[in-house]
Amino acid sequence: MEMSAEGLLREARAGDTAAFGALVREHQSKVRAFLWRLTRGDTALADDLAQETFFEAWRKIAQYRGDGSFGGWLCGIAWSRFLMDRRKRKEEPTEDIDQTASFDPQPGSAAKLDLERAMARLAPAESAALTLCYALGHSHGEAAEILNLPLGTVKSHVLRGREKLQAMLETRS
């Protein structure tokens, strides 16, 4: 018999590592995809940050109260780990398009390749907001909670990011 998500969460909060492992398996692809975009396709770094995310989630599982989705809570931890890693590496935050960003996503259609390259040129907050809202299906409000940003700021990041993507993709056509 398979346990529900609520049951897995209840068991994980009680210290059941197998239940937490099932939650990890259920959410790892979304967390890794989110981090992969944020790290501009650096698979090794995204995997390292995902592992740190799940270790931190295990340490803090008792703090999860179910106010938002568990996947959203994990993405919030992932965003925090990403920002901490950037500070540790002393990377300057960028708010403008990084014209020098190089990015080589997994093989796929030309349109997908163009989109991934364009996403890699966005500011991290824009990429995060777009990924959360469009690729992972979170509402603007959920994305604001995950990124710990005001709702208006997230909406602005989504709007500016979409406009930049559209401009970049139109110049490729």
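Predicted model: local features only at pLDDT ≥ 70, side-chain atom pairs only at ≥ 80, totals over all residues.
Let me begin with a definition: a residue is called buried when its relative accessible area is under 20%, exposed when that area is over 50%, and partly exposed in between, using a 1.4 Å probe and protein chains only. Residues are numbered from 1 along each chain as its sequence is written, and side-chain values use heavy atoms, with hydrogens and water left out.

Let me start with the overall picture. Helices here are DSSP runs of H or I with at least four residues, strands are runs of E with at least two, and the numbering goes from the N terminus. On that basis the protein has eight helices and zero strands, and along the sequence the pattern reads α-α-α-α-α-α-α-α. Of the 173 residues in the protein, 43% are buried. By contact I mean heavy atoms within 4.5 Å, and among contacts between residues at least 6 apart in sequence, 63% join residues that are at least 24 apart.

Now to helix α6, which spans residues 124-135. How many of its 12 residues are buried? The count is 10, so that α6 is mostly covered, and the buried residues are Pro124, Ala125, Glu126, Ser127, Ala128, Ala129, Leu130, Thr131, Leu132 and Cys133. Just after this helix, Gly137 takes a positive phi of about 75°.

Ser127 has a relative accessible area of 2%, and, leaving aside neighbours within four places in sequence, Ser127 is in contact with Arg37, Met119 and Leu122. Ala128 has a relative accessible area of 0% and is therefore buried; not counting residues up to four places away, Ala128 touches Phe34, Leu38, Trp79 and Leu147. The C-alpha atoms of Ala128 and Leu35 are 8.7 Å apart in space, although the two residues are 93 apart in sequence.

Two packed helices are described by the angle between their axes and the distance between the axes. The axes are lines fitted to C-alpha atoms, for helices over the stretch in contact, and the angles run from 0 to 180 degrees between N-to-C directions. Angles under 35 degrees count as roughly parallel, over 145 as roughly antiparallel, 65 to 115 as roughly perpendicular, and the rest as oblique.

At what angle do α2 and α6 pack? The angle is about 150°, with the axes 9 Å apart, and α2 and α6 are therefore roughly antiparallel to each other. Phe34, Arg37 and Leu38 in α2 meet Pro124, Ser127, Ala128, Thr131, Leu132 and Ala135 in α6. For the classes, Ala, Val, Leu, Ile, Met, Phe, Trp, Tyr, Cys and Pro count as nonpolar, Asp, Glu, Lys and Arg as charged, and the others, Gly among them, as polar; this contact of α2 with α6 has six nonpolar, two polar and one charged residues.

Helix α2, residues 17-38, also meets helix α4, residues 70-88, where the axes come within 9 Å and cross at roughly 45°, which makes α2 oblique to α4. The contact is made by Phe20, Leu23, His27, Val31, Phe34, Leu35 and Leu38 of α2, together with Phe70, Gly71, Leu74, Cys75, Ala78, Trp79 and Phe82 of α4, and by class it has 12 nonpolar, two polar and no charged residues.

Helix α1, residues 5-13, also packs against α2, with axes that come within 8 Å and cross at roughly 130°, so α1 is oblique to α2. Ala5, Leu8, Leu9, Glu11 and Ala12 of α1 make this contact with Ala19, Phe20, Ala22, Leu23 and Glu26 of α2, giving eight nonpolar, no polar and two charged residues.

I will finish with the aromatic rings. Rings of Phe, Tyr and Trp (its six-membered ring) pair if their centres lie within 6.5 Å, and planes under 30 degrees apart count as stacked, over 60 as edge-to-face and the rest as tilted. The structure holds five such aromatic pairs; in one of them, the rings of Tyr64 and Trp73 have centres 5.2 Å apart and planes at 50°, so this pair is tilted. Tyr64, Phe70 and Trp73 form one aromatic cluster, and Tyr64 is buried, with a relative accessible area of 6%.
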